[in-house]
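Please read this report alongside the sequence and the 3D view.

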2 protein chains.
Amino acid sequence: MTAVSTGKTLLRVLAGSTLEPPPIWLMRQAGRYLPEYRALRARTGGFLELCLSPALAAEVTLQPIRRYGLDGAILFSDILVVPYGLGQAVSFREGEGPILEALDHGGDLARLAMDGFAGRVAPIGETVRRVRAELPPSVTLIGFAGSPWTVSTYMIEGRSSREFGRIKAWLYRDPSALAALIDRLVEATVAYLELQIAAGVEAIQLFESWAGILPAPAFERWVVTPNAAIIAQLNARHPDIPVILFPRGAGANYQAVSRMAGLAGVGLDTTVPPTWARQTFAPSMALQGNLDPLVLATGGAALAEEVRRIRAALGSGPFVFNLGHGVVPETPPEHVAELVRLVRA
Amino acid sequence: MTAVSTGKTLLRVLAGSTLEPPPIWLMRQAGRYLPEYRALRARTGGFLELCLSPALAAEVTLQPIRRYGLDGAILFSDILVVPYGLGQAVSFREGEGPILEALDHGGDLARLAMDGFAGRVAPIGETVRRVRAELPPSVTLIGFAGSPWTVSTYMIEGRSSREFGRIKAWLYRDPSALAALIDRLVEATVAYLELQIAAGVEAIQLFESWAGILPAPAFERWVVTPNAAIIAQLNARHPDIPVILFPRGAGANYQAVSRMAGLAGVGLDTTVPPTWARQTFAPSMALQGNLDPLVLATGGAALAEEVRRIRAALGSGPFVFNLGHGVVPETPPEHVAELVRLVRA
């Protein structure tokens with residue numbers, strides 16, 4: 001274990017160092033729980049427009065860094081920027097989440113094209129440049145994308161789903177059409193992440209938010225394989241950029257993730273027992289997580305106890321403190337300040 | 001492995017036998033995907049009224065047995081009959097799910113009472129007696145209840161939830177109030193299941209539908225401990241009645257379930273890798289599951305392949321074929337017939 005006070009601690013942990021205290025950042029650390037975010041949001045148009053406005057998206061990215069001095073700043077954007085870049089109609093309705101012009105069958109893939117992709121997602125590169133220019137040197141800038149399986153659930157369901165009946169009909173009835181979509185998304189996602197890297201992100205997180213709805217063989221085929229393809233391409237061309245995969249809800253299928261090559265870190269959702277994760281993954285793997293966002297919202301003695309428990313269980317190896325899912329909007333901002341204090345104590 | 005053609009195959013597997021073919025029943029085997037259910041439903045009042053009408057609930061329980069000759073008949077009822085029995089207002093709105101007069105704080109527990117519980121849930125006993133009288137002798141009648149943690153989520157949230165912010169505020173801020181509610185539910189659930197046993201059910205399934213939202217220590221405290229208390233009481237007083245626990249979404253916390261005493265069977269959700277489950281549980285444990293309900297809805301070659309895979313992986317020990325979650329309403333009834341044929345082939 002190394003005591004540190006300077007340098008990019010997040011990058012050092014992702015390179016295999018065990019640091020005490022661990023670096024900390026939080027999924028959805030920018031967002032509705034912050035009054036400065038709500039004030040900015042009240043002055044802007046739709047959510048997608050916000051993601052595509054470099055000055056505003058950069059400001060939102062920086063808000064939690066200014067307030068809390070976190071060790072990582074994650075680009076403020078949305079996983080549905082990739083379908084938007086491919087020409088699919090995407091919008092967000094207040095309180096309803098995303099609405100997409102859903103793909104109905106394999107033939108609809110013709111509607112998606114890499115022509116024009118770079119131009120449509122170019123504002124994200126500008127956001128990254130602006131953030132990087134303003135970020136303190138100790139803070140790591142994290143780029144991200146949704147993983148192909150998760151993004152394709154939205155592209156085929158057209159919205160958030162409970163049963164995932166449409167994409168599973170593709171999966172079980174027409175896997176070659178689903179494979180064609182996933183291949184397109186692997187290509188687009190690599191291009192999108194390379195744009196972020198060229199603009200200055202220093203690490204990548206892949207969000208596989210819907211890893212938890214697949215049987216084991218389908219998990220291998222639709223979660224492990226596409227993410228591995230993205231990681232292999234990024235590692236080959238950008239060996240200095242570490243990649244974290246967050247396969248939310250993978251359960252015992254985290255074992256399959258532990259066999260993937262090229263990962264620098266793995267995000268653990270709230271339900272993963274930390275001791276099981278340490279046994280399942282190689283000792284050099286950086287593990288990231290996994291405080292319950294609802295104990296952060298509640299605060300108090302339970303927050304202190306849960307921080308202590310997670311640090312004790314995961315801190316014996318490379319470890320990045322984070323939540324097991326995103327900050328919930330009801331979280332009092334002072335609880336995040338208390339969390340940072342507890343982790344650095 | 002024993003070849004069988006007669007007897008209560010489900011009970012034999014729950015007693016530790018490995019049978020080929022395995023017995024089969026399906027979670028939500030009675031319900032909206034069946035035209036005869038929809039026809040009956042169109043003539044009846046609210047959903048809770050249906051659960052409390054012995055003649056109708058018995059008829060609905062028997063519909064899939066008549067159609068498919070399944071090896072288990074599960075009582076048609078709802079996990080919210082227990083809060084109703086305790087005096088909480090419960091209703092169901094079409095397309096919205098359950099609505100309860102939510103508990104706001106520990107003081108609200110005074111609204112819940114065992115006085116009158118037996119009378120309020122008595123119709124369920126009558127349903128069991130009617131079903132038992134009509135069931136072919138080879139079919140096992142399965143009673144059930146929701147597990148205390150899962151039932152308390154509805155009692156505190158007041159409805160289906162995404163974040164479970166209210167019950168987690170109890171959990172993290174006032175665990176003694178939550179413990180008092182859970183204790184009340186353990187007592188009521190044992191009483192309710194003993195009523196079912198007295199009326200003729202031959203096996204019990206405990207549905208812990210929201211096992212997948214808790215960190216590991218909370219899983220021990222709020223999932224393992226209350227279910228273990230119910231199982232210990234049932235085993236002591238009814239040693240001939242096997243109990244199955246279905247901790248949906250438990251992920252790696254299925255390991256904690258594998259250490260529980262007194263269980264005859266464990267339900268595996270769709271995401272659990274069958275080989276991992278066989279390694280995790282004692283060889284004598286009956287494992288039940290875990291076909292994706294969406295491959296049943298899709299049918300075709302994928303259904304045959306998934307049935308083959310699951311049988312090959314789980315059939316080496318005591319095994320009950322089932323889904324990993326309930327039948328979805330869009331399922332064509334002929335796919336269930338095909339599934340039964342495939343499992344018995």
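**Overall form of chain A**

The model is predicted. In chain A, the secondary structure amounts to 15 helices and 11 strands. Along the principal axes, the C-alpha atoms of chain A fill a box of roughly 55 × 45 × 40 Å.

**The sheets**

In chain A, an open sheet is built from seven strands in the order β3-β6-β7-β8-β9-β10-β11, with parallel pairing. The edges of this sheet are β3 (72-74) and β11 (319-323) of chain A; each has a single partner strand, so one side of each has no neighbour in the sheet. On average, neighbouring strands of the sheet are turned by 25° against each other, direction ignored.

Chain B has an open sheet of seven strands in the order β3-β6-β7-β8-β9-β10-β11, and the pairing is parallel. Here β3 (72-74) and β11 (319-323) of chain B stand at the edges with a single partner strand each, so one side of each is left without a neighbour in the sheet.

| Strand pair | Sense | Bridges |
|---|---|---|
| β9 (residues 265-267) and β10 (residues 286-291) of chain A | parallel | three |
| β3 and β6 (residues 140-146) of chain B | parallel | three |

Single residues can be picked out in these pairs. A:Gln288 in β10(A) is the residue that A:Gly267 stands opposite. B:Ala73 has B:Leu141 in β6(B) as its bridge partner.

**A helix pair in chain B**

Two packed helices are described by the angle between their axes and the distance between the axes. The axes of α7 (residues 148-157) and α8 (residues 165-173) of chain B come within 8 Å and cross at roughly 110°. Angles of 65 to 115 degrees count as roughly perpendicular, and α7(B) and α8(B) are therefore roughly perpendicular to each other. Their crossing is right-handed.

Which residues meet between α7(B) and α8(B)? From α7(B) come B:Trp149, B:Ser152, B:Thr153, B:Ile156 and B:Glu157, and they meet B:Gly165, B:Arg166, B:Ile167, B:Trp170 and B:Leu171 in α8(B). By class, this contact of α7(B) with α8(B) has five nonpolar, three polar and two charged residues.

Methods:
Residues are numbered from 1 along each chain as its sequence is written. Chains are lettered from A and ligands numbered from 1 in the order in which they are written. This is a predicted model: local features need pLDDT of at least 70, side-chain atom pairs count only at pLDDT 80 or more; totals for chains, interfaces and linings use all residues. Side-chain values use heavy atoms; hydrogens and water are left out. Axes are lines fitted to C-alpha atoms, for helices over the stretch in contact, and angles run from 0 to 180 degrees between N-to-C directions. Helices (H or I, at least four residues) and strands (E, at least two) are DSSP runs, numbered from the N terminus. Angles under 35 degrees count as roughly parallel, over 145 as roughly antiparallel, 65 to 115 as roughly perpendicular and the rest as oblique. A crossing is left-handed if the near helix is turned anticlockwise from the far one by less than a right angle, and right-handed if clockwise. Contact means heavy atoms within 4.5 Å. Ala, Val, Leu, Ile, Met, Phe, Trp, Tyr, Cys and Pro count as nonpolar, Asp, Glu, Lys and Arg as charged, and the others, Gly among them, as polar. Two strands pair if DSSP finds at least two bridges between them.
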